Amino acid sequence: MYIIVVGGGKVGYYLTKTLVNEGYEVFLVEKNPAKVQVYRDRFGAIVMQGDGAEVATLAAAGAGRADVVIAVTGDDEDNLVICQMARERFRVRRTIARVNNPKNEELFRKLGIDVTVSQTNVILSIIEQQIPERPFVHLMALRHADLAIVEAKVAEDSPVIHQPIWQLELPPEVIITAILRHGELIIPTGQTVIEPGDELFIVTKQQREAELRELLTGPPA
Amino acid sequence: MRIVIVGCGRVGSRVATEFAAEGHRISIVDQRQESFRRLPERFPGQLVLGTGIDEDVLRSAGIESADVFIAVTEDDNTNIMAAQIAQVVYRVPKVILRIYDPERAEVYRGLGLTVICPTRTVADMIEQQVREGHPTRVSD
């Protein structure tokens, strides 16, 4: 599930922070370069400077593969256009707009915006209902070298349980960097045995992600 | 005709003035009082102070009985939202808007609005002028 948030005011900031913490793949677009600098220090490379209503910005943010675009700027006209551009140009299936003037809620719905909301907590509850929990989450793409950090929760029926890491047929260019087990962080070695319920933090080349997912969660249903 | 214009900049004020001179009923909306200074002294139309994306403001400008709606503020997104209110909520028969960004212009043209994109138009005209002359420098 890939979510693009446009607008780095208070709503956008806390929304992004919360979504990242929940394990969603998130990207934040903000106009103001000074804010972008601050957010980069906090969130890393998932923040970009740009005008979210522009095609070039949306394309660079990866709107082509986004499942949800959420426009939460302080201006209703901008939120409307961001959502419409995402839908019309990039076929984004779900668009959510923050409505600053409550009178605009009905209008936005008439104009094809899927969901309109006026408060951060409402946005969060809607997203949480609509996005099912996932065992394998892309945490972030690193700016350089095509790397990604992913988090994988090892299920009871995972093909890798009770195996030491050296025995796993991990794809090349993939490293399990840390394991969270019963609230404790383990830095694994080849001898470390994977147990059900483990949360694995993995650094991987982006093109290896699909292979890795299949190894850990089994072939796609 | 009853014409509602949002944005009293150079373009809006000029269009308002010309159509008013022909006897049409004009309402012009702008959120800054000083913008109305661009209109001639005895402008016969209605001046409405407020934002063109507020339905209450648009109703007081007579959008419900408008034949033509024109959105020409400096902000593309404001024009787009105002135009869609006119098109979808009030079903104004003719809705014209200016969008500077050519990509955005194309998207909203596809949604049944009459979009004028000055960026594209001017670029095309310049290109045509350059090509027409086939200018080549003759070396001496």
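Helices (DSSP runs of H or I, at least four residues) and strands (DSSP runs of E, at least two residues) are numbered from the N terminus. In these terms, chain B contains five helices and six strands. The model shown is predicted, so local features need pLDDT of at least 70 and side-chain atom pairs count only at pLDDT 80 or more, whereas totals for chains, interfaces and linings use all residues. Residues are numbered from 1 along each chain as its sequence is written, and chains are lettered from A and ligands numbered from 1 in the order in which they are written.

View 1. Followed along the sequence, chain B has the pattern β-α-β-β-α-β-α-β-α-β-α. Of its 140 residues, 39% count as buried, a residue being buried if 20 or more other C-beta atoms lie within 10 Å of its own, exposed if 12 or fewer do, and partly exposed in between, with C-beta atoms placed from the backbone. Two residues are in contact if their C-beta atoms, placed from the backbone, lie within 7 Å. Among the contacts in chain B with a separation of 6 or more, 45% are between residues 24 or more positions apart.

View 2. Two strands are taken to pair if DSSP finds at least two bridges between them. Six strands of chain B make an open sheet with parallel pairing, in the order E3-E2-E1-E4-E5-E6. Strand E3 (46-49) and strand E6 (114-116) of chain B stand at the edges with a single partner strand each, so one side of each is left without a neighbour in the sheet. From one strand to the next, the twist averages 15°; for such angles, axes are lines fitted to C-alpha atoms, for helices over the stretch in contact, and the values run from 0 to 180 degrees between N-to-C directions. Strand E2 (residues 25-30) of chain B is joined to E3(B) by four bridges, and the two run parallel; Ser27(B) has Gln46(B) as its bridge partner in E3(B). Helix H1 (residues 10-21) of chain B packs on this sheet, where it touches strand E1 (2-6), E2, strand E4 (68-71) and strand E5 (94-98) of chain B, and its direction makes about 165° with that of E2(B). Helix H3 (residues 76-89) of chain B lies across E1, E4 and E5 of chain B and runs at about 175° to E5(B).

**View 3. The six-stranded parallel sheet of chain A.** The secondary structure of chain A comes to seven helices and 11 strands, and 36% of its 221 residues count as buried. Six of the strands form an open sheet in the order E3-E2-E1-E4-E5-E6 (chain A), with parallel pairing. Its edge strands are strand E3 (47-49) and strand E6 (115-117) of chain A, each of which pairs on one side only, and the twist averages 20° from one strand to the next. Strand E5 (residues 94-98) of chain A pairs with E6(A) in the parallel sense over three bridges, and Ala97(A) stands opposite Thr116(A) in E6(A). Helix H2 (residues 33-43) of chain A lies across E2 and E3 of chain A, at about 165° to E3(A).

**View 4. Strand E1 of chain A and its two partner strands.** Four of the five residues of E1(A) are buried, and the strand is mostly covered. Five bridges join E1(A) to strand E2 (residues 25-30) of chain A, and these strands run parallel; the bridge partner of Ile4(A) in E2(A) is Phe27(A). From E1(A) the chain crosses through helix H1 (residues 10-22) of chain A to E2(A) in a right-handed β-α-β crossover, right-handed meaning that, with the strands pointing away from the viewer, the path from the first strand over the helix to the second runs clockwise. E1(A) also pairs with strand E4 (residues 68-71) of chain A in the parallel sense, over four bridges, and here Val6(A) stands opposite Ala71(A).

**View 5. Surroundings of Tyr2 in chain A.** Tyr2(A) lies in strand E1 (residues 2-6) of chain A and counts as partly exposed because it has 18 C-beta neighbours inside 10 Å. Beyond its neighbours within four places in sequence, Tyr2(A) is in contact with Glu25(A), Gly62(A), Arg65(A), Ala66(A) and Asp67(A).

**View 6. The side of chain A that touches chain B.** Here 15 residues of chain A are in contact with 14 residues of chain B. Helix H4 (76-90) and helix H5 (104-110) of chain A each supply at least two residues of this side of chain A, and H4(A) gives the most, with eight residues.
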